[in-house]
Amino acid sequence: MNNQKRENQNILLCGVGGQGTILASKLIAYAAMEAGKDVRASETIGMSQRGGSVVSHVRTGTDIYSPLIPYQKADVIIAFEPAEAVRCLPYLKQGGTVVVNQKAVKPTTAALTGQDYEGKEMIHFLQSQVTNLIILDGEVICKEVGSPKVLNIALLGAAIASGALDITEEEMLDALKKNGKEKFFALNQKAFELGGRRTL
Amino acid sequence: MSVEKKILMGNEAIALGAIRAGVRMAAGYPGTPSTEILETIAKENDGSIHVEWSVNEKAAMEVGAGAAYAGARSLVTMKQVGLNVASDPLMSLAYVGVKGGMVIVSADDPGPISSQTEQDTRLFGQFSKLPVFDPSSPEEAYEMIGEAFAYSEKYSTPVLFRPTTRVCHGRASVTMLPDLEIAEPEGFIKDTQRWVIFPRLSYQNHIKIEDRNVELSNVFSAYPRNLIEKGDGRKGIATGGVSYAYVKEVLQSDVSVLKVGTPHPFPEKLALEFLKGLDEVLVIEELEPVIERALLVIVGKYHLNTVILGKLTRDTKIAGENSVESVRADLAKFIPEKVEDAANHSMETLQLPIRPPVLCAGCPHRASFYAVKKAMRGRKAVFSGDIGCYTLGNAKPLDMCDTCLCMGADVTIAQGLHIIEPDTTNFSFIGDSTFFASGITGVVNAVYNQTDIVLVVLDNSTTAMTGHQPHPGTGMTMMGDVAAKIRIDKILEGIGVADIVKANPLNLEEAVAAVEKVRDEKGVRVIIFQAPCIAVTKPKTQYRIQEEKCTKCQVCIKQIGCPAITINDGRVEIEKSLCFGCGLCSQICPGKAIGEVTDHE
């Protein structure tokens with residue numbers, strides 16, 4: 001982990017409503033604040049939470065005004081779904097990092113209209129566009145942990161292990177302890193550690 | 001002493017700011033993006049505050065007014081369209097005034113992201129002649145709400161507080177401040193000259209209000225949340241709300257900025273000072289050109305030569321929400337020497353899946369819609385929908401929402417449709433919370449005027465779309481108390497509806513039979529579909545597709561559109577992380593290929 005803390009960081013989390021992006025963004029914001037930084041963030045709340053595309057913006061540091069990250073300013077994109085990673089690429093800065101869960105969440109409309117996609121083409125595209133790409137098989141980790149709800153924590157584990165966030169493992173686990181439900185902490189901790197180790 | 005900071009959502013900041021300012025009464029009706037304000041007050045309540053989800057916004061406004069008549073500080077919250085519902089008490093209350101401070105939060109939703117309209121509460125401020133406070137960030141909202149209470153009390157008038165979605169749902173580090181010292185409410189002092197609205201009183205108060213607003217315009221010119229940031233050059237930017245944050249984000253160099261925190265009464269003196277010496281001003285704001293028009297009036301009144309650019313001149317976007325990108329593009333055209341336009345990154349991209357919001361897997365509304373659709377196949381029927389999760393019944397393949405207008409309108413629109421086309425069966429779908437909020441009068445109207453409609457109450461025991469708030473039918477209040485459940489069937493009986501059928505929508509046969517029983521009758525017929533929202537219950541089982549029996553006919557996909565059912569490599573599968581075990585798919589599968597997951601699987 002780098003000791004030289006960068007001044008400002010922009011972290012974008014994206015996925016599909018119901019995947020747990022909001023808790024993940026809250027944990028990042030909390031950990032950054034505990035580390036003494038100012039935080040600004042924004043979330044999708046409302047109708048889109050019902051299976052629509054959702055995006056959370058987290059900005060840490062000083063002299064930040066907009067709650068939304070401007071295009072080409074995200075240091076890190078944490079994508080819970082490959083097509084959502086592609087959708088949010090305009091936010092990524094040159095040389096930024098993308099952590100992506102490889103499993104596609106197919107919209108109901110895709111099955112109806114035959115405009116289906118598998119997710120692989122999205123991953124290939126990301127590989128062609130992003131230099132620092134970290135791919136996670138979140139499905140395997142969820143199976144191993146025994147809960148489909150830990151994808152968000154596994155992705156945080158992968159993002160922090162990559163060193164792209166100005167947050168240490170200890171800081172994030174502490175945030176999890178103070179903000180998550182106590183009875184799920186052991187599960188979450190396991191997902192966090194597996195996420196850090198099992199990137200593809 | 002260490003400074004305590006908390007990361008707060010704007011709505012939480014408004015709530016904590018109101019608690020800090022001694023609020024004693026908080027009432028509202030849920031609506032995105034305003035909902036979390038009241039929820040936070042209920043959570044942080046030390047017992048000194050009465051918090052309630054009122055039955056609708058009009059009720060909340062009047063309950064809040066009563067508390068303020070008695071000298072208490074009261075907060076009323078709603079979304080912008082809720083203010084339409086509450087506009088009757090609002091307009092009169094503006095004439096009567098209050099004793100304790102009263103702040104009406106009406107959250108606007110540029111975009112719109114989760115709303116029917118892009119209406120602007122600042123215009124309601126002008127219309128009702130009430131002061132409007134417009135915070136630009138959560139931390140500003142935290143302090144501003146206390147100031148709004150103080151102004152309200154000082155001038156004996158309710159005030160409007162207008163955050164927008166990005167302030168409501170944005171988060172920021174907020175420095176916690178000590179509680180303000182507020183006197184105990186004096187209680188209601190009888191005075192018919194003050195509290196009983198009569199034409200003569202309204203005339204007298206109208207004059208006072210006009211004078212007060214002139215005074216407030218001067219007072220607000222010195223209010224620090226209206227400010228000028230002096231810069232170089234003869235071009236300036238005027239802005240307010242979250243757009244101020246976007247402007248600050250984009251501007252790197254010295255350009256004069258006017259930030260407006262009270263769009264009504266407009267801080268005229270301050271604006272005049274800003275305009276003097278400027279040749280051109282670009283106004284960056286969302287929704288209506290409120291600041292732009294106010295500046296045009298000042299330019300005209302004082303014969304200035306300053307050119308005002310904005311929505312009216314089509315120099316900024318006329319609809320939808322602003323963003324750092326849109327503001328950058330606007331400023332790059334206005335002051336190209338100072339703001340660089342973003343490199344036009346025509347990035348190669350892929351065709352991306354479209355993700356319209358859908359009813360959740362296991363949602364009982366899907367089953368209700370499907371049952372009605374099945375029972376009415378081949379018959380002439382129109383399905384009127386309403387505001388709530390069930391508006392999503394409009395999506396294919398269900399396609400069961402032909403009209404949607406505003407809260408409660410399904411019941412009455414259906415009546416109008418039926419009167420013109422009597423050979424149509426007119427269904428009206430309404431949720432339990434919406435029924436209480438504004439559906440009942442519509443049913444009374446139908447019964448009284450003898451109009452034939454089928455009212456379908458989708459009773460899922462919660463206010464689902466806004467995040468599961470209790471309502472009069474749930475038997476719980478916001479204070480955590482148990483209340484008597486108000487029964488929808490008893491209300492309908494009381495109104496005189498004779499034909500009431502109850503059914504479990506997740507039992508397809510029973511649900512279809514319920515529709516068949518009433519579809520050809522006359523008068524107001526009611527079907528109450530009762531099954532709880534998946535978010536307030538736990539799944540009892542899950543379903544899976546037995547591959548050997550599945551003929552891949554895809555009836556399950558094509559008819560009910562459940563997000564848990566997908567096709568992978570040509571196989572139809574049920575996604576385990578999503579299936580809620582409602583069993584609707586197993587009841588429609590022609591090959592009986594969908595069964596419950598057994599314990600050992």
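The legends below describe close-up views of a predicted model.

**View 1. Strand 3 of chain A and its two partner strands.**
Strand 3 of chain A covers residues 53–60, and six of its eight residues are buried, so the strand is largely enclosed by the rest of the structure. Strand 1 (residues 9–16) of chain A pairs with strand 3 in the antiparallel sense over eight bridges. Strand 2 (residues 39–42) of chain A also pairs with strand 3 in the antiparallel sense, over four bridges. A:Thr60 in strand 3 is the bridge partner of A:Gln9, and A:Val39 stands opposite A:Thr60 as well.

**View 2. An open sheet of six strands in chain B.**
The strands have the order 3-2-4-5-7-6 and pair in parallel. Strand 3 (50–53) and strand 6 (132–133) stand at the edges, each with a single partner strand, so one side of each has no neighbour in the sheet. Within the sheet, strand 5 (residues 102–107) and strand 7 (residues 159–161) of chain B are joined by three bridges. B:Ile104 stands opposite B:Leu160 in strand 7.

**View 3. B:His468 in a loop of chain B.**
The loop that holds B:His468 lies between strand 16 (453–459) and helix 18 (488–495) of chain B. B:His468 has a relative accessible area of 30%, so this residue counts as partly exposed. Leaving aside neighbours within four places in sequence, B:His468 is in contact with B:Thr462, B:Thr463, B:Cys533, B:Ala535 and B:Val536.

Notes
Residues are numbered from 1 along each chain as its sequence is written. Chains are lettered from A and ligands numbered from 1 in the order in which they are written. This is a predicted model: local features need pLDDT of at least 70, side-chain atom pairs count only at pLDDT 80 or more; totals for chains, interfaces and linings use all residues. Side-chain values use heavy atoms; hydrogens and water are left out. Buried means under 20% relative accessible area, exposed over 50%, partly exposed in between (1.4 Å probe, protein chains only). Contact means heavy atoms within 4.5 Å. Two strands pair if DSSP finds at least two bridges between them.
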